[in-house]
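Reader: I would like to learn how to read a protein structure. Please take me through some features, one at a time.

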Amino acid sequence: MTKVFDETEVKRLQEEVCEANLELAAKKLVLYTWGNVSGILREANLVVIKPSGVPYEKLTPSMMVIVDLEGNIVEGNYNPSSDTPSHLELYREFATIGGVVHTHSTYATAWAQAKRGIPCYGTTHSDYFYNEIPCTPELTPEEINGDYERNTGIVIVRTMRDRDYNAVPGILVANHGPFTWGKDADNAVHNSVVLEELARMAQLTISINQDITGIQKVLMDKHYLRKHGKNAYYGQNGNKE
C-alpha cells in the first residue's frame, strides 16, 4: 500500500500510544496483556494501537500497529489488538476523541460484571464524569456470534446516544469491562485511572451505607462545571486536570 501519511506524525503517535500503554501497567490497571490503548490521526484517518497479546514489558513504539478506519493494516509487523474494531467504532462515531482505552481493571470490571452503572455519589466523581458512568445492556447471542468486537463498540455508542460523550468519557460494557476515551491517548488513560478509582470509592461507599443516595445535583453541577464549563476556573492556564 502506498504511504500517504506524514511519517513524523505517525512516529510521534506510535511513541505516545506506546507510552500510554505502559502507563496502564504502571498504574496497575492491567495484568499480563489485559488491555489496550489506541490513538488517532484524524487528518489521515489512521489509528495506532497496541499489538495483540504482547506483554507490556516487551512493548516498543515501533511495535504499535497502524490501521485505517476500516481496520486494514497500513503498517506494522504484528496483528493489532483484537479489540481494534471496538476502538474504530468509537472513533467513527465520537468525532472529537483522540484516544481510546480498554482495561479489565478490578473494581470497574466488577461493576460491569454486576451489570450496574456507577452512580455519582460525590464530588470526586463529579470532577470527571457528569452523572452516572453507565453500563451497557448485554449483547445478544446474535451480536456475540456475529462481528463481536465491532458490536461491542456499537453497543457502547448506542448506550451513549442520549449522553454527552465528552462529559461522560467512559462506560462499562456488561459482563466485560470498562472503556474510556479522551482528547488523546494520554487523556484516555487518565480517565481510565480515574474511572477505576471511582468504581472503588463507590463500592466502599455502598458497603458503608447501603441506603446512600446520589450527590445533590447542584453540588455535582458545581464541581463538574468549575473544571469543564464555559466559565471554568479550576487549574492553571486552561489545564483542567
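**Reading strands, surfaces and salt bridges**

Author: Strand β2 is covered on both faces: Leu46 and Val48 on one side, and Val47 and Ile49 on the other, are all buried. Keep in mind that this is a predicted model.

Reader: Which strand does β2 (residues 46-49) join through four bridges, with residues 65-68?

Author: To read a pairing, look for the bridges and then for the direction of the strands. Here β2 is joined by four bridges to β3, residues 65-68, and the two run antiparallel. As one example of a bridge, valine 48 has isoleucine 66 in β3 as its partner.

Reader: And how many bridges join β1 to β2?

Author: Four bridges join them, and β1 and β2 also run antiparallel. Across this pairing, isoleucine 40 stands opposite valine 47 of β2. The hairpin of β1 and β2 has four residues between the strands, and asparagine 45 takes a positive phi there, near 55°.

Reader: What is the order of the strands in the whole sheet?

Author: The order here is β4-β3-β2-β1-β5-β7-β6, which makes an open sheet of seven strands with antiparallel pairing. At the edges are β4 (73-75) and β6 (170-173), each of which pairs on one side only. From one strand to the next, the twist averages 25°.

Reader: Which strands does helix α6 touch where it packs on the sheet?

Author: Helix α6, residues 148-159, touches β6 and β7 (177-182). The direction of α6 makes about 125° with that of β6.

Reader: Now to single residues. Is histidine 87 buried or exposed?

Author: To answer that, take the relative accessible area and compare it with the cut-offs: under 20% is buried, and over 50% is exposed. Histidine 87 has a relative accessible area of 0%, so it is buried. This residue lies in helix α2, residues 84-93.

Reader: Which residues does histidine 87 touch, not counting those up to four places away in sequence?

Author: The contacts of histidine 87 are Asn36, Val37, Ser38, Ile49, Val100, Val101, His102 and Phe179. One of these, Ile49, has already been named among the buried residues of β2.

Reader: Is tyrosine 32 buried or exposed?

Author: Tyrosine 32 has a relative accessible area of 69%, so it is exposed. It lies in the loop between α1 (7-26) and β1 (35-41). Together with Leu31 and Trp34, Tyr32 makes a nonpolar surface patch of about 390 Å².

Reader: What about glutamine 210, buried or exposed?

Author: Glutamine 210 is exposed, because its relative accessible area is 73%. Its place is the loop between α7 (185-208) and α8 (217-228). From the C-alpha atom of glutamine 210 to that of leucine 41 is 45 Å, and the two residues are 169 apart along the chain.

Reader: Where are arginine 12 and glutamate 9, which meet in one of them?

Author: Both are in helix α1; they are three residues apart, so about one helical turn separates them. Arginine 12 is partly exposed at 29% relative accessibility, and glutamate 9 is partly exposed at 27%.

Reader: Which residue forms a salt bridge with glutamate 16?

Author: Arginine 12 does, with the closest N and O atoms 2.6 Å apart. Glutamate 16 and arginine 12 are four residues apart in helix α1, about one turn of the helix. Glutamate 16 has a relative accessible area of 33%, so it counts as partly exposed.

Reader: Which parts of the chain are linked by the salt bridge of lysine 115 and glutamate 138?

Author: The side chains of lysine 115 and glutamate 138 meet at 3.5 Å, N to O. This pair links distant parts of the chain, with lysine 115 in the loop between α3 (106-113) and α4 (123-128), and glutamate 138 in the loop between α4 and α5 (141-145), 23 residues apart. Lysine 115 is partly exposed, with a relative accessible area of 43%, and glutamate 138 is partly exposed at 46%.

Reader: Which residues do salt bridges with shared partners join into one network?

Author: Glu9, Arg12 and Glu16 are joined in that way.

Technical notes:
Residues are numbered from 1 along each chain as its sequence is written. This is a predicted model: local features need pLDDT of at least 70, side-chain atom pairs count only at pLDDT 80 or more; totals for chains, interfaces and linings use all residues. Side-chain values use heavy atoms; hydrogens and water are left out. Two strands pair if DSSP finds at least two bridges between them. Axes are lines fitted to C-alpha atoms, for helices over the stretch in contact, and angles run from 0 to 180 degrees between N-to-C directions. Contact means heavy atoms within 4.5 Å. Patches are made of residues with over 30% relative accessible area and no salt bridge: like charges are joined within 9 Å, nonpolar side chains (Val, Leu, Ile, Met, Phe, Trp, Tyr) within 5 Å. Accessible areas come from the Shrake-Rupley method with a 1.4 Å probe; for residues, only the protein chains shown count as cover. A salt bridge is a side-chain nitrogen of Lys or Arg within 4 Å of a carboxyl oxygen of Asp or Glu. Buried means under 20% relative accessible area, exposed over 50%, partly exposed in between (1.4 Å probe, protein chains only).
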